[in-house]
Protein chains: 4
Amino acid sequence: MLVVMKADATSRDIEEVVRVITELGFKAHVMPGPTRTAIGITGNRDAIDSSHFENMHGVAEAIRVSKPYKLTTLDLKPEKTVVRVGDASIGDHDLAIIAGPCAVETREQTFAVAEVIRNSGAQFFRGGVFKPRTPPTAFQGLGEEGLQILAEVRERYGLNIVTEVVDEHSVGLVERYADIIQIGARNMQNFSLLRRAGRSRLPVLIKRGLGATIDEWLLAAEYVMIEGNYNVILCERGVRTFSDYNNETLDLAVVPAVRSISHLPLIVDSSHGAGKNYLVTPLARASVAVGIDGLMVEVNEPTSTRLNNVQELTPDQFMQMVSEVRAIHELIFP
Amino acid sequence: MLVVMKADATSRDIEEVVRVITELGFKAHVMPGPTRTAIGITGNRDAIDSSHFENMHGVAEAIRVSKPYKLTTLDLKPEKTVVRVGDASIGDHDLAIIAGPCAVETREQTFAVAEVIRNSGAQFFRGGVFKPRTPPTAFQGLGEEGLQILAEVRERYGLNIVTEVVDEHSVGLVERYADIIQIGARNMQNFSLLRRAGRSRLPVLIKRGLGATIDEWLLAAEYVMIEGNYNVILCERGVRTFSDYNNETLDLAVVPAVRSISHLPLIVDSSHGAGKNYLVTPLARASVAVGIDGLMVEVNEPTSTRLNNVQELTPDQFMQMVSEVRAIHELIFP
Amino acid sequence: MLVVMKADATSRDIEEVVRVITELGFKAHVMPGPTRTAIGITGNRDAIDSSHFENMHGVAEAIRVSKPYKLTTLDLKPEKTVVRVGDASIGDHDLAIIAGPCAVETREQTFAVAEVIRNSGAQFFRGGVFKPRTPPTAFQGLGEEGLQILAEVRERYGLNIVTEVVDEHSVGLVERYADIIQIGARNMQNFSLLRRAGRSRLPVLIKRGLGATIDEWLLAAEYVMIEGNYNVILCERGVRTFSDYNNETLDLAVVPAVRSISHLPLIVDSSHGAGKNYLVTPLARASVAVGIDGLMVEVNEPTSTRLNNVQELTPDQFMQMVSEVRAIHELIFP
Amino acid sequence: MLVVMKADATSRDIEEVVRVITELGFKAHVMPGPTRTAIGITGNRDAIDSSHFENMHGVAEAIRVSKPYKLTTLDLKPEKTVVRVGDASIGDHDLAIIAGPCAVETREQTFAVAEVIRNSGAQFFRGGVFKPRTPPTAFQGLGEEGLQILAEVRERYGLNIVTEVVDEHSVGLVERYADIIQIGARNMQNFSLLRRAGRSRLPVLIKRGLGATIDEWLLAAEYVMIEGNYNVILCERGVRTFSDYNNETLDLAVVPAVRSISHLPLIVDSSHGAGKNYLVTPLARASVAVGIDGLMVEVNEPTSTRLNNVQELTPDQFMQMVSEVRAIHELIFP
């Protein structure tokens, strides 16, 4: 931490700050400047709470240098994490593709889509059975019945199942039927849910919240990891900005930025932020070009009616997209 | 819903949209314009899913006219809701003041602060016992032990207790000890938690999420109300913007904006978005001047050390603030 | 500046950073921590360009401590600036009220509004004659003819004239007819225009850009002041956020925040960000309650047709608002 | 335009809205719904000002259907615009690459970088000589002397010159020496400057403002085009969001979104929003993968000292990036 004094801070103000630093058991480094003095702090193991200093007399600001997270960092584990699920993996050389309908609606619809996904060579199937839909009157998913359909998909098509949980009860059910637990953007800071997922044997995919900073996202991962579950996958899906032409703005720079500090695998969901069918494939290409470990995308049969979202790809669009993103991935990671 | 056609849409494209509208059981109103045709839809009872039209040939966009919420609106209940708790109320003529420390740390600290709050004439005491702290290693609150301290505060100082819940288990505990259930900003879209609070006999205070639109905030309230609990209080606490000098930006225009469509009482938390002690009182004055039903603010003993946040007011600052905001409230609502 | 090294930085990386600091003529303070080393820099007079360090081997980040502005700061001038215009002033004890129509349309309309403003006791009249309207086909203002009307308003009603400039040519004209030069939000970083205004004898009112940080806003003021014109007034008018129910979000915390570092007077325009008539008065009350030096607000005759914006107040609404904000101002600054 | 009435609007309120529509010379289409009535308006040629209706009694909101821009749209000109400069072009099948240093510092530095650019096969050279630097004390560029160096670059290396203008005076100079006029993000709504560029014979490259919506960006292009200059290139460079780890967030979805409504060529500047060297190449790849007409990127000699920004690529990094983005471009547009 660096405590920056005001220009009119007195030597007594400075002494007082030094005294508090010393009392906390740390070491103070006074650095006088031409207009103002800064005081560096060393000797701390964890991030220091800036509140110790911010309201002290003569203090202009307290700047945090250390980050509050540890387990997610390359400092702790310099080699990249590879999450393995059966024969498949996320974080390895190959591009993982996670595709499927927004929601599991019927066995027929789900199998039809699963066949498309399998034929594309993708190894992961997604489909919501607990839907955290914003209007309470909207279809909330098939629940356990949907999980049974997903388990059949795994058996029949050899696909690994990724599905979202919304509370502790649903984690228990998903553990019985699926392969990867997904924490949605709306629950990224539902710490009880994160802790519960941390006690699971399944890998956990954490979507970035719509208003979450990198620090908050990595700390969500720490909540899972601190319980002993190190198989965490981070998924960018767009952030809230002033943009008025789509749902959210995909923040692709976050991929190399998080990669430079964390060992966790990074994927992008190019469907939800897009919010419009014609934006999904260009954003999928861009996501793969920026250098991700996996791509999540929504695909559905055009005949499906209940929850078919405007951002779902048709099977034809999906097959075309897969061939484009695979080619780009091979180009970057030959 | 209004479906706007592209300039080059053919009459066949238009007929196709009309056919879909008719099939859905609604009525189509074709309105040809100089460059493009718009098609109004009437006859629907609920909001129509725009996905029916957005990917159709020749369609430029589908504009939603109806709102997806009902129970929260003045359309359904034109008179303002007053939430009553014992002798106190929120939404009535008087300004409700909800104050207390960020976290309940010890019985002594809590009682000392409670005495200040009682002496100010405020009728509500706040204090966290389940703290959804972003770093998992940070102090997470005293839990049930903290609730027991809060129950003593109620008895000894005659204050009504407002405290945050983080999962279904904590709702059960809070119901036993406190008076108002608080849903924090991070859990505003934790729909399982909202439903559980909706089955409680206690009023529910819902903080606006850092990235939540008005629609999403009101829909969170609908999740509670649809379960039968109509005693909901909405609390603005700041939204995520590009601002780099404080935590979040307090969105005060949201108060008259929500008031114009909803009957629910509105309060502002002027502490959390501020994130700095010296910003809290000016923002509290501004919040009351904009016309709110209640003010939530953090107050603590300066000697407290564990979780004392930079935004907490000292008792002296709090007493001064109360006298200022009361005077402003009387000025506006004489 | 503080250079934070990566956890795996070698002692050679650290030496190299120290060497560059020394070469630049500054002093390096090496502070080893438990996981990473930080290096403080002193001896610089101006802000150091972080690019010297950010791409060096082993460097995690370079944190700027000094601010890039000077003339606007309390460090340089601890007493508050009062801008005087004839008998009136901005930054003094009284609340300055600047009101008038969005655009000067006709002599009759302008005089009718001016009479309302004068009767309210306000001392400043605003009215656009060079309108930077976003669609190029929209009415762009009366130009010099409008300035002549404004000059008549000054003479007839004793009001000081505030009007916007859009290029160097318009500055020359405004200097001939008006009392305060207004730089609009869209031109806040038009540095040629700021420099030209800095060579004027008239005070300059600078609206904050819709995406401008505090640093950028104060640096815009520095552009004016560096040319010798110290009569600068800062005007907050709302920033771009994800809000979808009004134009922009008024950032009221910026008032105490800028006050804590700058001596310049601060006012708020409560009309433009509001973007809706019914939001203007509540936001005006909030602005005054937060503690500003002046309020800018749009007022027009309801019969006016050409540019009457949805956010303009009617004369009756304006008179009511003035009485409310004056009472709040007296309450806070008795 | 669609005027949506409140649920409690009377038939008299509705008649009054119809009356105003008729008076304005348009046609009203009353569409009664289950809870509220909507009134469509047809017969208008231009966008209608919503202020005619928004403050009328019983009106909930006025929703704009028509867009305020015309010249930029595919409605007016269905075929894509190709901007030709000498032998080179932007908007054609090939990917245009515009590269060079942030600022022209010396003849030696500029020539050294130009040689790298030429060797890469790129056809456009960029370099600032009028630098709108935020701190007024920062280096503001070499001015006409810099333009003379750029003119030599064109002659010697056969590169087309793109350089930024900041006021009318600089447009005159740039017209004499360069090939494409660049309007920077900070001047995107400097309408006097846009009009002046519209009267030039040179193509105009318009960077999107940091807080600009698509509508505002296209309207900036209309300002240029309405003066008769149809050679306009749009350049996305990142928008202001809550992101705290880089300068701005690159909004890549804007590329397919604008393409779906406008015929103008679209390029991306992957350097400025990135703000850090290691983010530039991944974002350049993503930009090309999303499907752009050209890429702007900053390249400089590592020995350069004056203005070398943290986001500039070294010549080696640039050559590597060019080979990657060319391969991606060929993959998408074979």
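This is a predicted model: local features need pLDDT of at least 70, side-chain atom pairs count only at pLDDT 80 or more; totals for chains, interfaces and linings use all residues.
Local features need pLDDT of at least 70 and side-chain atom pairs count only at pLDDT 80 or more, while totals for chains, interfaces and linings use all residues. Residues are numbered from 1 along each chain as its sequence is written, and chains are lettered from A and ligands numbered from 1 in the order in which they are written.

**Exercise 1.** Determine whether C:F124 is buried or exposed.

*Solution.* Step 1: locate C:F124 in strand β8 (residues 124–126) of chain C; strands are DSSP runs of E, at least two residues, numbered from the N terminus. Step 2: apply the criterion, by which a residue is buried if 20 or more other C-beta atoms, placed from the backbone, lie within 10 Å of its own, exposed if 12 or fewer, and partly exposed in between. Step 3: C:F124 is buried because it has 24 C-beta neighbours inside 10 Å.

**Exercise 2.** State which strands form the closed barrel of chain D.

*Solution.* Step 1: two strands pair if DSSP finds at least two bridges between them. Step 2: the order β7-β8-β9-β10-β11-β12-β13-β14 gives a closed barrel of 8 strands with parallel pairing. Step 3: as one pair, β8 (residues 124–126) and β9 (residues 160–165) of chain D are joined in the parallel sense over 3 bridges. Within this pair, D:F124 stands opposite D:N160.

**Exercise 3.** Identify the residues of α3(D) that meet α4(D).

*Solution.* Step 1: contact requires C-beta atoms, placed from the backbone, within 7 Å. Step 2: D:R107, D:T110, D:F111, D:A114, D:E115 and D:R118 in α3(D) meet D:I149, D:V153 and D:Y157 in α4(D).

Note on methods: Helices (H or I, at least four residues) and strands (E, at least two) are DSSP runs, numbered from the N terminus. Two residues are in contact if their C-beta atoms, placed from the backbone, lie within 7 Å.
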